[in-house]
Amino acid sequence: MLSTVNRVVLALAGLALLVLGGSVLAVGLGASPPSWWIHDGKGDVLLSAADRTRWRDEGWFWPAVVAALAVCVLLALWWLSAQLRTRRLAEVLVETGDGEGALLRGRAMENVLAGEAQALDGVERAQARLTGRRSTPQARLDLVLEPHATPSDALRRLSAQALAHARDSAGLASLPAEVRLRGLKHRAERVS
């Protein structure tokens, strides 16, 4: 969802800046603007003194300005905090036993975990994502099961094989996992 919001916000901001900047440039170069346009000619300012002081004496003006600016600031802060939050774990700290430790790329561990999960009997496709901290990662797996697979068996094999192997190879005390199972649809079988 965040990437969709980013694309929409950036596209709207870019479009607005392109239209406004292009129109000001066109008027500055001598193009005649429409009668309703805010900018009339080369020496014109965007807001005249009359336009700036027009609503100053109205009782609703300043509360509306403050509310609109507060909403803009809150939306900008929400967007900034969403950008700074990392959803994926970039690296996992592997305990080497000598007190130093080594760093394992998170994507590499995700790829191996997804590959081992997909190789299990009854699993059609698998995706893995690591979250949490680098010393205590958590796994999120999405499994698409084959039509005749039993979810409990697939989950048991996943925790006994793929998750256990990932936990042991990274030297982790535990690797909590959230697993989402989805069944693959199949065509109806013909009965004769």
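Among the contacts in the chain between residues at least 6 apart in sequence, 50% join residues at least 24 apart; contact here means heavy atoms within 4.5 Å. The model is a predicted one, in which local features need pLDDT of at least 70 and side-chain atom pairs count only at pLDDT 80 or more, whereas totals for chains, interfaces and linings use all residues. Residues are numbered from 1 along each chain as its sequence is written, and side-chain values use heavy atoms, with hydrogens and water left out.

**Overall form**

Five helices and five strands make up the secondary structure of the chain. Helices (H or I, at least four residues) and strands (E, at least two) are DSSP runs, numbered from the N terminus. Their order along the sequence is α-α-α-β-β-α-β-β-α-β.

The radius of gyration of the chain is 29 Å, whereas a compact globule of 192 residues would have a value near 16 Å. This radius is taken over C-alpha atoms, and the globule rule is 2.2 Å times the number of residues to the power 0.38. The C-alpha trace spans about 75 × 65 × 40 Å along its principal axes.

The accessible surface comes to about 14,000 Å², and 59% of this surface belongs to carbon and sulfur atoms. Such areas come from the Shrake-Rupley method with a 1.4 Å probe; for residues, only the protein chains shown count as cover. Of the 192 residues, 21% count as buried. Buried means under 20% relative accessible area, exposed means over 50%, and partly exposed lies in between (1.4 Å probe, protein chains only).

In soluble globular proteins, nonpolar side chains tend to be buried together. In this chain the largest nonpolar core has 24 residues, and M109, L113, L141 and L158 have the most contacts inside it. At least two residues of this core come from each of β1, α4 (106-118), β3, β4 and α5. Helix α5 gives the most, with six residues. A nonpolar core is a set of buried Ala, Val, Leu, Ile, Met, Phe, Trp, Tyr and Cys residues joined through side-chain atoms within 4.5 Å.

With neighbours within four places in sequence left aside, M109 is in contact with V92, L104, L130, A166, A170, L172 and L175.

V73, L74, L77, L80 and L84 make a nonpolar surface patch of about 510 Å². Patches are made of residues with over 30% relative accessible area and no salt bridge; like charges are joined within 9 Å, nonpolar side chains (Val, Leu, Ile, Met, Phe, Trp, Tyr) within 5 Å. L80 lies in helix α3 (residues 61-84). L80 counts as partly exposed because its relative accessibility is 44%.

**Salt bridges**

The structure holds five salt bridges. A salt bridge is a side-chain nitrogen of Lys or Arg within 4 Å of a carboxyl oxygen of Asp or Glu.

R156 and D153 are separated by about one helical turn, because they are three residues apart in helix α5 (residues 151-170). R180 is partly exposed at 48% relative accessible area, and E178 is partly exposed at 35%. Salt bridges that share partners join R140, E178 and R180 into one network.
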